[in-house]
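Here are my notes on the model you sent over, point by point. Have the structure open while you read.

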Amino acid sequence: MAMTEAWLTQLPDPTGALEPVQRRGRLALTEQGFPSRRQESWRLTDLKRLEALFQLSLANDSSHVSIPDSWPTVPEQALRLVVNNTNDPLAGFDLPEGISILEGVELEQALGHTLSRCQCASEWPVELNHGVNQQILALRIRGKVPPIELVTFATDAMFMPTRVLLLVEEKAELEVLQVVIAKGHAAHSHLLEIHLGQESKVQHGLLALGEGKESLLANMAIEQEVRSHYSMVAVSHGWSFGRLEPNVVQVGGQASSSIHGLSVTAADQQFAVHSTMRFEGPEGTLDQVQKTVAADRSHSIFNGAIQVPRQAQRTNASQLSRSLLLSGRARVDAKPELQIVADDVRCTHGATVSQLQEDQLFYLRSRGITESSAASLLLRGYCKEVLDLLPLDAASRWLDGALPEGETNP
Amino acid sequence: MIRPDAELLLEINDLHASVEDKPILNGVTLHLKAGEIHAVMGRNGSGKSTLSKVLAGHPAYRVTSGSVRYLGRDLLELEPEERSRLGIFLGFQYPIEIPGVSNLEFLRVSTNARRQNKGQGELDTFDFDDHVRERLQVVQMDPAFLERSVNEGFSGGEKKRNEILQMALLDPVVAILDETDSGLDIDALRIVAGGVNQLASPDNCTLLITHYQRLLDEIIPDYVHVMAAGRILRTGGSELALELEKTGYDWVDQQLAAEGVG
């Protein structure tokens, strides 16, 4: 408690459009205190690493973040926006038809609505973002618009809060790729809200790349109205400490959600994915596959909650967690959490933890491929199945087709 | 093709091997010379597949005694990848699916590993593309299968064609084909067997492991060996396979009983 308060008192005073949100966030953080391992969702967390975030300097409008020129070019017709807490991401842009800025009363009404609908508005990482974030990128999407690439970048032991809100109108179609990059022990706190109107369609990708020593807190709240289609592909790699929380709620039923995840950890990294899928109407579907690769002494956590209350009859949901352990000292905790009240539903779930398959290794070796090359080929194949699903050709543009190797120790 | 002066390529002497401490091979002796096609027949559990895996170097099998010499070298000392690079090829009974790994890339990496060993240069992506398309004709395979993941979603027949395609690319000295005929309909069997026949030359040898005579209608062996209880019980010419087709394997039990094995 004392630590949180001490940190809050040295923050700059709340300012800007999000001033009331900041005030409420700081109050909530004071009241909640610091997370404890006695709380179920923090039980496995290395809280020392969360505490360490308080040592970083908060990025604000006086921080300077220079954009590396190593970033790949944006695909034709796509729109790239650089989102950070330091400048207006839309400065100097003419937004294409169908994309407009959400501000004033409209923004006030929309802000936090989806977080509440997803029942995650008062989660600690969300309040942390509330407490410090000065900027928001809020867009309304109408019709079929060009793809959007949102890049967030932090470096030099900076704590970078960012927030994005996307209001996707009825029957609109959006392809959005978020690239979150950190270097130099920096940390990100990211908050995303997407509201999908009736029959709208969103393909959402998240490519989160650290360099081994960085931290990531990301909360994503997705609200789906009737007959909307939402697909998320989230890939994370290289985070010393990470916590990714996708929360999806289907409020009207007959919607489809698909969540594909890949988290890769090495060295002594810890990365957690806490996903929640809630069906509040009938005949919704979910297709979820979470993959993890844990090397060295790293620790990967997956909690996948699926809630099917009484009104969500004829829900069809499947969740699969597949973990690959590359070292005897690596650790994986995978926990499905199914809360099903409706009686006419189909919900399947499964979890596997394995090592590289010996028969696959032998097959490759019997074709002249060395054991270490065979292992890395198999590993790349395992990851590629998820990487290839990222929108905007992200894997080949940002990763040259595969995640960087080196730290892993098969 | 039997030639008395042909080079001895593979020399298996009194080979014993076990898996999980259970003895499976109990003294196999087989000599394969250049130009020859050998067939090993026998019932399930006779040790045929174990023999093929031991020769390819599968880590789950332990050689307890005996020797295997390949072109004068101790084969058993070599890692599986070294064996392949030196020209030993195992066509799998159940080819393994490898999701996410492109068949084309896999074929290119393995072909180049073998080429390097032969002192030929590595083929780049473009040259390999031409090379593989030419070799596809050996098994009349659809190029679309190159773009897929290794063996993933292939039918049984397509997997076997993919095995023979690998054989065509790796140009082995000793090809061991484990139940290559299983799961094939008659047309696919003819195509696969045609591929094997095309690849057989006076400089290499082939070891066919099979249950049935029908493969041997398409690929005529120089020698037929009957395996039982982990060793070669009888050796003959191609007529032995026909005889087995007629008489079955009952005589094997009698012989083993008479020898106090079985």
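1. Starting with burial: 60% of the 410 residues of chain A count as buried, where buried means under 20% relative accessible area, exposed means over 50%, and partly exposed is anything in between (1.4 Å probe, protein chains only). Keep in mind that this is a predicted model, with local features needing pLDDT of at least 70 and side-chain atom pairs counting only at pLDDT 80 or more, while totals for chains, interfaces and linings use all residues. On bookkeeping, residues are numbered from 1 along each chain as its sequence is written, chains are lettered from A and ligands numbered from 1 in the order in which they are written, and side-chain values use heavy atoms, with hydrogens and water left out.

2. Overall make-up: nine helices and 17 strands in chain A, taken as DSSP runs (H or I of at least four residues for helices, E of at least two for strands) and numbered from the N terminus. Chain A is as compact as a globular protein of its length, because its radius of gyration of 21 Å is close to the 22 Å that the globule rule gives for 410 residues. That radius is taken over C-alpha atoms, and the rule is 2.2 Å times the number of residues to the power 0.38. Along the principal axes, the C-alpha atoms fill a box of roughly 65 × 50 × 50 Å.

3. Contacts and surface: 85% of the chain A contacts between residues at least 6 apart in sequence join residues at least 24 apart, a contact being heavy atoms within 4.5 Å. The accessible surface of chain A is about 16100 Å², and carbon and sulfur atoms own 46% of that (Shrake-Rupley method, 1.4 Å probe).

4. Salt bridges: how many does the structure hold over all chains? The count is 38, using a side-chain nitrogen of Lys or Arg within 4 Å of a carboxyl oxygen of Asp or Glu. One of them pairs Arg49(A) with Asp268(A), with the closest N and O atoms 3.8 Å apart. Arg49(A) sits in helix α3 (residues 47-51) and Asp268(A) in the loop between β11 (256-265) and β12 (270-279), so this pair ties together parts 219 residues apart in sequence. Arg49(A) is buried at 18% relative accessible area, whereas Asp268(A) is partly exposed at 36%.

5. Another pair to check is Arg117(A) and Glu280(A), whose closest N and O atoms are 2.9 Å apart. Here helix α5 (residues 113-117), which holds Arg117(A), is tied to the loop between β12 and β13 (285-294), which holds Glu280(A); the parts are 163 residues apart in sequence. This time the arginine, Arg117(A), is partly exposed at 29%, and Glu280(A) is buried at 16%.

6. Now helix α7 (residues 358-365): is it enclosed or open? Six of its eight residues are buried, so α7 is largely enclosed by the rest of the structure. Among the buried ones are Phe362(A), Tyr363(A) and Arg365(A). Arg365(A), with a relative accessible area of 7%, forms a salt bridge with Glu371(A) at 4.0 Å between the closest N and O atoms. Glu371(A) is partly exposed, at 42%.

7. One loop residue to look at: Thr155(A), between β5 (148-154) and β6 (158-168). Thr155(A) is buried, at 14% relative accessible area. Leaving out residues up to four places away in sequence, Thr155(A) touches Lys183(A), Gly184(A) and Ala186(A).
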